[in-house]
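Colleague: I'm new to reading protein models. Could you walk me through a few features, one at a time?

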Amino acid sequence: MESLDVRVLRQLHEWRAQGRDAILVTVVQTWGSSPRPEGSIMALEKGGAVVGSVSGGCIEDDLIRAYHDPAGADRRLHGDGCPQMLTYGVSADEAHRFGLPCGGTIRLLVEFNPCPQALSELLSLLEQRHLVQRHVDLQTGRAWGSATRVPAALHLSQDSLSVTFGPSYRLLLIGGGQLSEYVATIALFNGFDVTVCDPRSEHIQGWSVAGARVVKGMPDDEVIACVPDRRTAIVALTHDPKLDDMALLEALKSSAFYVGAIGSRRNNQSRRERLAEHFDLTAEEIDKLKGPIGLYIGSKTPAEIAVSIMAEIIAIKNGVEVPRELSVGSVKDRQEQPLA
């Protein structure tokens with residue numbers, strides 16, 4: 001499943017390539033509480049179709065009216081080709097009417113009929129797994145994309161806007177089975193592209209999660225083939241050292257933002273010792289390994305364990321430093337300590 005931003009850009013490109021009028025709306029500034037962060041986008045087609053969001057729904061409704069029935073909207077869209085700024089929630093009363101919490105205010109940039117060729121070039125860069133900055137000239141409406149190596153925060157000046165878009169996040173699961181199906185389902189709902197690798201046909205013959213790609217190669221070969229980058233997570237779930245260790249050996253050498261393996265604290269320690277003793281991994285590379293994986297939520301069932309695993313992956317993806325006290329291993333260590 002593609003990320004929401006990529007889906008918005010792809011749908012917008014499809015509309016524009018068909019010659020249909022459409023607008024692209026970007027959250028460029030927020031004050032106070034806001035339902036959606038800066039950089040969030042939505043596209044609105046003249047016929048009424050919408051993809052993406054910039055708020056909890058009320059602002060979207062007003063934008064639809066402004067685009068289709070200006071007389072009934074709180075804002076007016078000039079539609080003359082040049083980008084237009086709109087601000088919602090200036091007063092407490094307006095913030096309440098538009099569902100903005102705690103007096104929040106949101107500022108939007110509206111682009112009219114973005115160039116389909118420029119959108120195609122932007123999508124091409126994203127499909128090649130480049131990090132991309134999209135630039136908009138606020139005077140003329142001209143927009144273009146350029147590959148970049150470092151993600152940057154949204155930048156708004158008097159004359160231009162720059163927003164960073166990334167390729168979809170990917171999750172490579174080593175091992176089929178019930179737990180993998182639950183992890184894959186949650187990951188797909190959160191916009192990850194999911195691949196499941198298991199050379200054991202009996203473990204994946206009943207795979208039932210649509211949208212996840214299934215491959216039967218050896219784990220180390222599949223890790224190498226996917227060329228892990230900083231938007232890739234790799235999780236070993238087979239409980240078979242012959243398969244898990246093969247995947248981890250290559251994953252820990254890569255740029256993947258998350259590498260983890262299922263197992264108890266004892267199994268995790270044994271795995272680390274094997275990797276240090278038998279393979280050419282550095283101490284720094286081995287330290288990248290997460291395990292026992294997940295955040296401690298008292299999970300018992302495969303579905304709950306999958307929630308725990310994906311909670312940790314998403315937290316790290318979003319740059320949240322997870323306190324050690326919330327890790328599965330740390331909590332279980334404390335639970336085993338004798339009472340004073």
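We'll go through the aromatic rings, then a helix, then the pockets and the cavity.

Colleague: What should I know before I start?

Modeller: This is a predicted model, so local features need pLDDT of at least 70 and side-chain atom pairs count only at pLDDT 80 or more, while totals for chains, interfaces and linings use all residues. Residues are numbered from 1 along each chain as its sequence is written, and side-chain values use heavy atoms, with hydrogens and water left out.

Colleague: How do I read an aromatic pair, and how many does the structure hold?

Modeller: In general, you describe a pair of aromatic rings by the distance of the centres and the angle of the planes. Rings of Phe, Tyr and Trp (its six-membered ring) pair if their centres lie within 6.5 Å; planes under 30 degrees apart are stacked, over 60 edge-to-face, and the rest tilted. Here there are two aromatic pairs. Tyr169 and Phe192 have ring centres 6.0 Å apart and planes at 55 degrees, so that pair is tilted. Tyr169 sits in the loop between S9 and S10, and Phe192 in the loop between helix H5 (178-189) and S11, so the pair ties together parts 23 residues apart in sequence. Tyr169 also pairs with Phe257, this time edge-to-face, with 5.7 Å centre to centre and 90 degrees between the planes. Phe257 lies in the loop between H8 and strand S14 (258-261), 88 residues apart from Tyr169. Together, ring pairs link Tyr169, Phe192 and Phe257 into a cluster.

Colleague: Is Tyr169 buried or exposed?

Modeller: Buried means under 20% relative accessible area, exposed over 50%, and partly exposed in between (1.4 Å probe, protein chains only). Tyr169 has 17% relative accessibility, so it counts as buried. Phe192 is buried too.

Colleague: Which residues of helix H7 are buried?

Modeller: In H7 (residues 219-226), they are Pro219, Asp220, Glu222 and Val223. They cover an arc of only 165 degrees around the axis, so they lie on the same side of H7. That arc is taken from the directions from the helix axis to the C-beta atoms. The elements these buried residues pack against include strand S10 (170-174), strand S11 (193-197) and helix H8 (241-251), where contact means heavy atoms within 4.5 Å.

Colleague: And what about pockets and cavities?

Modeller: Picture a 1 Å grid over the protein atoms alone: a cavity is a set of points where a 1.4 Å probe fits but cannot get out, while a pocket is an open set with protein on both sides within 12 Å along at least five of seven lines. Lining residues have an atom within 4 Å of a point. Grid points are joined across faces, edges and corners, and the volume is the space filled by probe spheres set on the points. The largest pocket has a volume of about 1200 Å³. Of its 35 lining residues, the closest to the centre include Tyr169 and Phe165.

Colleague: How big is the largest cavity in volume?

Modeller: About 50 Å³. Its lining residues include Leu9, Glu111, Arg134 and Phe165, and S9 gives the largest share, three residues.

Notes
Helix = DSSP H or I, 4+ residues; strand = E, 2+ residues; numbered from the N terminus.
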